[in-house]
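Below are questions and answers on the cavities, pockets and helix packing of one model. Each term is given with its cut-offs where it comes up.

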Amino acid sequence: MGLFNATHPASFLLTGIPGLENFHSWLAGPLCVMYAVALGGNTVILQAVRVESSLHEPMYYLLSMLSFSDVAMSMATLPTVLRTFCFNARSIVFDACLIQMFLIHSFSMMESGILLAMSFDRYVAICDPLHYATVLTNGVIAGMGVAVTARSFITLFPLPFLIKRLPICRSNVLSHSYCLHPDMMKLACADITINSIYGLFVLISTFGMDLCFIFLSYVLILRSVMAIASHEERLKALNTCVSHILAVLAFYTPMIGVSTVHRFGKHVPRYIHVLMSNVYLFVPPVLNPLIYSARTKEIRRAIVRMFRRVKM
């Protein structure tokens, strides 16, 4: 059999939350609110960084990248999620499913890379503040954005082809209201060892390494902060990291939970798997704009000034 001559279904059937099908119409309302907050909140931050000259600094450029990845992630999942929950329209054609899978995994990896870049920003700001402006220039920030995007595209480019080579004949029913690589490869009636190994390699070499470097950056930050004599100055320095720490926790905690349940929770009810995956994909884009708007006074002031100009 040729590499791409495997048998595929014309379409897949998406699933909302198993066991809660009768409540899908009720769940559609909260989901719409979450999407509105994610898209609206992140768009406001993007616009604030664009129009407010006071936010034209490395920290806020990185924040705008994070907001962009959150908007992109929300847009990647929104069509199929709302169709499934609002209209019970569960069908998605095979190629469209591959595209959505690639986009979801790509934007998720981009967010991980941006969080790592933001931790480097905090490290330089606290541990080497005198060289902050010379180290994190606009060119360096742009290079970080290009590197994060290129890493996601290059690393995940093989995924659609790894799925396309597999004959899918067990079923065409997916476990979520969107397409994911682990979900699709489980439907194959052939050896999926290559897919599993490559998926694990991607997880460890990107998300795992990002988390390790973020942790290392905060070890160095904490060591530098503890060397500050003034208690107030120590708190002030740590306070600049709180928003980023919360964003990291909002992103990685559900991811670690999903990975743990997926690998070790064989007897956990299926709807728990689905709910945790939904939390991983839906919650960070909702929380990030709320976290940065609530914790960063410069963002709050810029948003207020922006809306005042709109009213005028």
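Q: What is the volume of the second largest pocket, and what makes a set of points a pocket?
A: The second largest pocket has a volume of about 470 Å³. On a 1 Å grid over the protein atoms alone, a pocket is an open set of points with protein on both sides within 12 Å along at least five of seven lines, whereas a cavity is a set of points where a 1.4 Å probe fits but cannot get out. Grid points are joined across faces, edges and corners, and the volume is the space filled by probe spheres set on the points. This is a predicted model, in which local features need pLDDT of at least 70 and side-chain atom pairs count only at pLDDT 80 or more, while totals for chains, interfaces and linings use all residues. Residues are numbered from 1 along each chain as its sequence is written, and side-chain values use heavy atoms, with hydrogens and water left out.

Q: What makes a residue part of a lining, and which residues lie nearest the centre of the second largest pocket?
A: A lining residue has an atom within 4 Å of a point. The second largest pocket has 18 such residues, and nearest its centre are Met59, Tyr60, Arg122, Thr240 and Glu298. Two or more residues each come from H2, H3, helix H9 (231-239) and helix H12 (297-311), with H9 giving the most, four residues. Helices here are DSSP runs (H or I, at least four residues; strands are E, at least two), numbered from the N terminus.

Q: How many residues in the lining of the second largest pocket are charged, and what makes a residue count as charged?
A: Asp, Glu, Lys and Arg count as charged; Ala, Val, Leu, Ile, Met, Phe, Trp, Tyr, Cys and Pro count as nonpolar, and the others, Gly among them, as polar. On that scheme the lining has seven charged, seven nonpolar and four polar residues.

Q: What is the volume of the largest pocket, and how does its lining divide by class?
A: The largest pocket has a volume of about 1,100 Å³. It is lined by 37 residues, of which His105, Pro182, Asp183, Val258 and His262 are the closest to its centre. The lining divides into 19 nonpolar, 13 polar and five charged residues.

Q: Which residues line the second largest cavity?
A: The second largest cavity, of about 60 Å³, has a lining that includes Leu31, Met34, Tyr35, Ser74, Thr77, Leu281 and Phe282. Helix H1 (24-51), H2 and helix H11 (270-295) each give two or more residues to it. The lining has eight nonpolar, two polar and no charged residues.

Q: Why are H2 and H5 called roughly parallel?
A: The axes of H2 and helix H5 (residues 138-156) lie 10 Å apart, at an angle of about 20°. Axes are lines fitted to C-alpha atoms, for helices over the stretch in contact, and angles run from 0 to 180 degrees between N-to-C directions. Angles under 35 degrees count as roughly parallel, over 145 as roughly antiparallel, 65 to 115 as roughly perpendicular and the rest as oblique. H2 and H5 are therefore roughly parallel.

Q: Why are H1 and H2 called roughly antiparallel?
A: The axes of H1 and H2 cross at roughly 155° and come within 9 Å. That angle is in the class over 145 degrees, so H1 and H2 count as roughly antiparallel.

Q: Which hand does the crossing of H2 and H11 have, and what makes a crossing left-handed or right-handed?
A: A crossing is left-handed if the near helix is turned anticlockwise from the far one by less than a right angle, and right-handed if clockwise. The crossing of H2 and H11 is left-handed, whereas that of H2 and H5 is right-handed.
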